[in-house]
Amino acid sequence: MQESNKLEKIISLCKRRGFVFPGSEIYGGLAGTWDYGPLGLMLKNNIKNSWWKRFVEERDDMYGVDAAILMNSHVWEVTGHISGFHDPLVECKKCHKRFRADHLSGDKCPDCGGELTEEKHFNMMFKTNAGPVDDTASKVYLRPETAQGMFVNFKNIIDSFHPKLPFGMAQIGKAFRNEITPKDFTFRSREFEQMEIEYFIKPPKKEEEWQKEFENWRKEVKNWIVELGIAEKSMHELDVPQNKLAHYSKKTVDFEYDFPFGRNELCGLAYRTDFDLKNHKLDYYDEETKERFMPHVIEPSFGLDRLVLALLAEAYNEDELGGEKRVYLKLKPSLAPVKVAVFPLLKNKLELVEKAKKVWRTIQSTTDGLVMFDDNGNIGKRYRRQDEIGTPFCVTIDFDTLENDTVTVRDRDTGKQERVKVGELASLIKKNINK
Ligand code: ATP
């Protein structure tokens, strides 16, 4: 499969089957915005839940927050975002299209070959006003990263929980960046979701001290992504060169993925030093040593939309089954939006439909996740539809079910079916969908 072709196929599948739709579509869309439909939403939730479980619930040193998106403008003044969070913008003098200068390979307009203007700094934060008066004093920004929502709550966490160092804060939420050229489906959007951790450590006396924590997080990040189902060979760690580091970072590793449109950043890991706490004038009192100091920070930062896209690219498969071409999403069962689909063999046989509804109810009540009932179209079509959305198991109720209370369970990847007693379905499904 040609890689550029693959992206088109994924976009089309996402729209057709209810994963992701273009934002404000009926009004011609709004560039850089995407709406997640029922299946995309569930895939996203499954990834979020896995992240939260791994990095918050399974640890004893993490504190979750859900901070406001609108924050006092002083936050962005002291962090340097108002003065420094910009991309280099150039405009074509002929067709007046605008581009990010650092994304261009030549010095001419990639669309019409026209001459380009000098680079200008373009601040990427969205502005709005809080309250009824539209003046400078009421100006606020939509947060361009979730990180600051954690730093501004640092003192609250210390006062409520008295954590010992090292400890971390975690947040999942929306971030907004007025990207000059949103592109590559959801990869570069203007509104997206981040999952970030700020991990506070004692100010290091030697380089090795922060490097050790950094290396721990490097492994943690990679292991979790690989466990989600991203092939190790498609992931690459890039040590960002000094001259390309963000203004707050002393070291950054970008975890890149071979997307269908090329190798690009999936998530990042940065050593932010005491940059943020210093700017916010926040410190920590160590009860044991009776010292007051500013902790340093290691920040793993994950982009949820990019993870969804990478997982879709990884899972997208085409093969031939029973002499027919098919598309299937080989998602891990624990991530699949629909866990099980239940079908009556025929729609117009009342006994089959009634029995199938009963089986659906039983499975639904014992399964963690969505169980879908489908009686639309012939059985082959129903299997194909579920393959295309990555449903790991299809359960079919047929005439034998009425005789001996057994059903067929079909495996998505192999298409193989086995007969199972209805009473054994719940435990069989439970055992397999947590994988
Ligand atoms: P890029 O270089 O691709 O613009 P970045 O280095 O500016 O990304 P960070 O500031 O490190 O990104 O943000 C952390 C994570 O947030 C990224 O690794 C990415 O997954 C996600 N992210 C950043 N910008 C976008 C965007 N415009 N659309 C979707 N996800 C994004």
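Q: Which residues in α10 meet which residues in α13?
A: Contact here means that the C-beta atoms of two residues, placed from the backbone, lie within 7 Å. From α10 come V359, T362, I363 and T366; from α13 come V422, L425, A426 and I429. By class, this contact has 6 nonpolar, 2 polar and no charged residues. Ala, Val, Leu, Ile, Met, Phe, Trp, Tyr, Cys and Pro count as nonpolar; Asp, Glu, Lys and Arg as charged; the others, Gly among them, as polar. The model is predicted: local features need pLDDT of at least 70, side-chain atom pairs count only at pLDDT 80 or more, and totals for chains, interfaces and linings use all residues. Residues are numbered from 1 along each chain as its sequence is written.

Q: At what angle do the axes of α10 and α13 cross?
A: Two packed helices are described by the angle between their axes and the distance between the axes. Helix α10 covers residues 350-366 and helix α13 residues 422-433; their axes come within 10 Å and cross at roughly 30°. Helices (H or I, at least four residues) and strands (E, at least two) are DSSP runs, numbered from the N terminus. Axes are lines fitted to C-alpha atoms, for helices over the stretch in contact, with angles from 0 to 180 degrees between N-to-C directions. α10 and α13 are therefore roughly parallel to each other. The cut-offs: under 35 degrees is roughly parallel, over 145 roughly antiparallel, 65 to 115 roughly perpendicular, and the rest oblique.

Q: How do α2 and α9 cross?
A: Their axes come within 10 Å and cross at roughly 110°. That makes α2 roughly perpendicular to α9. G40, L43, K44, I47 and K48 in α2 meet L304, L307 and V308 in α9. The classes are 5 nonpolar, 1 polar and 2 charged residues.

Q: Into which domains is the chain divided?
A: Domain bounds come from an automatic or database domain assignment. Domain 1 is 3-72 + 144-313, and domain 2 is 322-433. Their centres, taken over C-alpha atoms, are separated by 36 Å. The contact takes 10 residues from domain 1 and 9 residues from domain 2. On the domain 1 side, helix α2 (residues 38-57) gives the largest share, 5 residues. That side has 7 nonpolar, 2 polar and 1 charged residues.

Q: Which residues come nearest to the ligand?
A: A residue is near a molecule or strand if its C-beta atom, placed from the backbone, lies within 6 Å of it. Of the 14 residues around the ligand, F192, G268, S301, G303 and R306 come nearest. Elements giving two or more residues to the shell are β11 (191-201), β14 (262-273), β17 (296-303) and α9 (304-315). β14 gives the largest share, 4 residues. By class, the shell has 3 nonpolar, 5 polar and 6 charged residues.

Q: Where is the place of P166, and where does F185 lie?
A: Take the backbone at each. P166 is in the loop between α6 (154-161) and β10 (167-176). The peptide bond from L165 to P166 is cis, with omega near -5°. F185 lies in the loop between β10 and β11. F185 is not a glycine, yet has a positive phi of about 60°.
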